[in-house]
Amino acid sequence: MKKGIIFDLDQTLVDSNIAKSYRSARNWNTVYSLIPKFVLYEAYDKVFEFIRDNDLKVGIVSKAPSAYVKKVLNHFNIPFDTVVAYHDVKLQKPNSEGMNLALTQLGLSAEDVISFGDEVSDVIASNGAGIESVACLWGSTNEEALLGSEADHVICTPNEIISLLK
């Protein structure tokens, strides 16, 4: 069984599309006010229960700023041990710098971790760090590109996550 998980945040854990234009405009006060309207994807309650029951370590690697990431994680009570966000690395995904930093902060090797993301850049970053990669289709805006990526696994719903962790 895996010892740790790395998740992307937006469109992997939560549907945050409602704030996309405000994020692009860096209107963070509006973005923060919209967090209660974000939607945690279905079945994550079971995934988080499995994570807690099995003492798995969780890293979040996101291209968003840390303050935003932590506000979303706390709002939805998403378990996490470390966050690697925009200002923590020089190079963003698809570069694997963020994934490598998350591994270091989690104290785990790449072989002990599996990564979940909704973009090709998530897959490329995971693969570059030697982490087993999972393409998550439920929040993807470019399903065709994601299906054509070199992901180790492709899943359609969060329900499938637990079987990959075992």
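Arginine 26 counts as exposed, because its relative accessibility is 60%. The cut-offs for that word are these: exposed is over 50% relative accessible area, buried is under 20%, and partly exposed lies in between, with a 1.4 Å probe and protein chains only. This is a predicted model, where local features need pLDDT of at least 70, side-chain atom pairs count only at pLDDT 80 or more, and totals for chains, interfaces and linings use all residues. Residues are numbered from 1 along each chain as its sequence is written, and side-chain values use heavy atoms, with hydrogens and water left out.

Back to arginine 26. Its phi is positive, near 60°, and the residue is not a glycine. Arginine 26 sits in the loop between α1 (20-24) and α2 (28-34). Helices (H or I, at least four residues) and strands (E, at least two) are DSSP runs, numbered from the N terminus.

Aspartate 55 is another non-glycine residue with a positive phi, about 50°. The loop between α3 (44-53) and β4 (57-61) holds aspartate 55, which counts as exposed because its relative accessibility is 66%.

Next, the peptide bond between lysine 93 and proline 94. That bond is cis, with omega about 25°. Proline 94 belongs to the loop between β5 (82-84) and α5 (97-106).

Last, the cysteines. How many disulfides does a search of the whole structure find? Zero, where a disulfide is a pair of cysteine sulfur atoms within 2.5 Å. For cysteine 136, the nearest cysteine sulfur is that of cysteine 156, 10 Å away. Cysteine 136 counts as buried because its relative accessibility is 0%, whereas cysteine 156, at 47%, counts as partly exposed.
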